[in-house]
Every structure is written in structure tokens, then in C-alpha cells.
Amino acid sequence: MDALNQAGRPAEALAVGDEGRRVASQVLERQPTHMLALRARALLSSNVATVSENELQQSRRFAASEDAARDWMLLSRTDPTNVISRHNLGVARTNAGNALFDLGRPREALAKHLESREAQEALAARSAMLAGRLSVAHFVAALTAGELGQMALSERYQAESLRYYGLWKNAFPAGSYE
């Protein structure tokens, strides 16, 4: 998918992504615990969402992001210590929230941006990856709340974003970014 999209062939990329999701779903119908098929479908859904965003197909982007989030949530429940699945769940929720915002549904977007907090907060203190993801989630929630005129809420989310950013930044050895 990525190669087709980067080659300027998004329609083909979407067709490949949809076909891959169909095949992964067929495998999961026969073997509901097939973790590789579940992960593949989640990754393909995320890629379909990205291509749809670039093609200004926000409804398709939202649906694909929700599909990805469903699969990442299932993977997170299967292995609660897998921070990559939890991180990718947050990415899918952010993509869905951004799609909702672009569709003119900012209140729903605000809720969507923070929907994965509980799944991520439990491990954020031990995972710079999740702390960074929570920083982003709170940042876009702060922006959205500000757009809605909810300044106190926006400021609260901004403070949370900065707190998680600090956890993320402090996880790296001194001099890492010099």
C-alpha cells in the first residue's frame, strides 16, 4: 500500500488495502484468535485511513480508523503489557478524532481524542512511547476544546499534554537530541 500511495496511485493503494483487510477478516472468521491476521488487519486499516485522509475522504478515514482502533483494542486486551498495541490504539483514535473534526463534528472529535486514555495511562509511567502518545492526545484535545470556546478545558488538557511530554522527554538520556 505504502509504495502505491507514494507512487501517486492512491486508488490502487486503497484497493490493495481493502483486499488485504477482506482476506485478514476471512482468516479471523475461521480462526478468531489468529493474532497475525488481527495485527495485519489493524495495520491495513490504519494505512487505508492515511490514504483516505490524503484523498480528502474523511468518512472513509473515520471508518478505517475505527476499524483499526477496534483491532488494536482487541490486541491490547489479549496482551495488556504490549505498549505498541496501546500506542497504535491511540494513533487510531487520534486519526478518527481528526476525521470527525474535519467532518464538522468537533464535540465528537474531542471525546474521540481522549477515548484511549485509560488503556494507555496504566503503562505511561513505564513507557516513553505511551507518554508521548498521551501528550499528543491531550494536545489535540486542547486544540479542539479551544476551537469550541472551552478555554478552561483547553488549558487543563494543555497542562496534561505538557506533563506527559515531560515524562516522554525525561525518558531519554541527557544529550540524546543535541
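**Entry 1**

I began with Glu-53, which counts as partly exposed because its relative accessibility is 32%. The classes I used are buried under 20% relative accessible area, exposed over 50%, and partly exposed in between, with a 1.4 Å probe and protein chains only. The model is predicted, so I took local features only at pLDDT of at least 70 and side-chain atom pairs only at pLDDT 80 or more, while totals for chains, interfaces and linings use all residues. Residues are numbered from 1 along each chain as its sequence is written, and side-chain values use heavy atoms, with hydrogens and water left out.

Glu-53 forms a salt bridge with Arg-61, and the closest N and O atoms are 3.5 Å apart. For a salt bridge I required a side-chain nitrogen of Lys or Arg within 4 Å of a carboxyl oxygen of Asp or Glu. Arg-61 has a relative accessible area of 2% and is therefore buried.

I then looked up Asp-102, which also forms a salt bridge with Arg-61, at 3.1 Å between the closest N and O atoms. Arg-61 lies in helix H4 (residues 58-78) and Asp-102 in helix H5 (residues 83-102), so this pair ties together parts that are 41 residues apart in sequence. Helices here are DSSP runs of H or I with at least four residues, strands are runs of E with at least two, and both are numbered from the N terminus. I noted Asp-102 as partly exposed because its relative accessibility is 48%.

**Entry 1: other salt bridges**

How many salt bridges does the rule give? I got a count of 16. One of them joins Glu-12 to Arg-9, with the closest N and O atoms 2.7 Å apart. Glu-12 is partly exposed at 37% relative accessibility, and Arg-9 is partly exposed at 39%.

I also found a network of salt bridges that links Asp-18, Arg-21, Arg-41, Arg-60, Asp-67, Arg-70 and Asp-71.

**Entry 2: Arg-133**

I looked up Arg-133 in helix H8 (residues 128-147). Arg-133 is buried yet has no salt bridge. Which side chain of opposite charge is nearest to Arg-133? I found Glu-53, 11 Å away. For charge, Lys and Arg count as positive and Asp and Glu as negative, with His and the chain ends not counted.

Not counting residues up to four places away in sequence, Arg-133 touches His-87, Gly-90, Val-91, Thr-94 and Gln-120. A contact means heavy atoms within 4.5 Å.

**Entry 3: Arg-93**

I placed Arg-93 in helix H5. Its relative accessibility is 9%, so Arg-93 counts as buried. Leaving aside neighbours within four places in sequence, I listed its contacts as Glu-66, Ala-69, Met-73, Lys-112, His-113, Glu-115 and Ser-116. From C-alpha to C-alpha, Arg-93 and Arg-70 are 9.8 Å apart in space and 23 residues apart in sequence.

Ser-45 is in helix H3 (residues 35-54). Is Ser-45 buried or exposed? I recorded Ser-45 as buried because its relative accessibility is 1%.

Leu-56 is in the loop between H3 and H4. I found its phi near 60°, a positive value in a residue other than glycine. Leu-56 counts as exposed because its relative accessibility is 69%.

**Entry 4: the whole chain**

I counted 9 helices and 0 strands. The C-alpha trace spans about 45 × 35 × 35 Å along its principal axes.

Of the 178 residues, 44% count as buried. Among contacts with a separation of 6 or more, residues 24 or more positions apart account for 58%.

The chain exposes about 9,700 Å², of which carbon and sulfur atoms supply 54%. I took accessible areas from the Shrake-Rupley method with a 1.4 Å probe; for residues, only the protein chains shown count as cover.

Last, I compared the charges: the mean positions of the 21 positive and 20 negative charges are 4 Å apart. The place of a charge is NZ of Lys, CZ of Arg, CG of Asp or CD of Glu.
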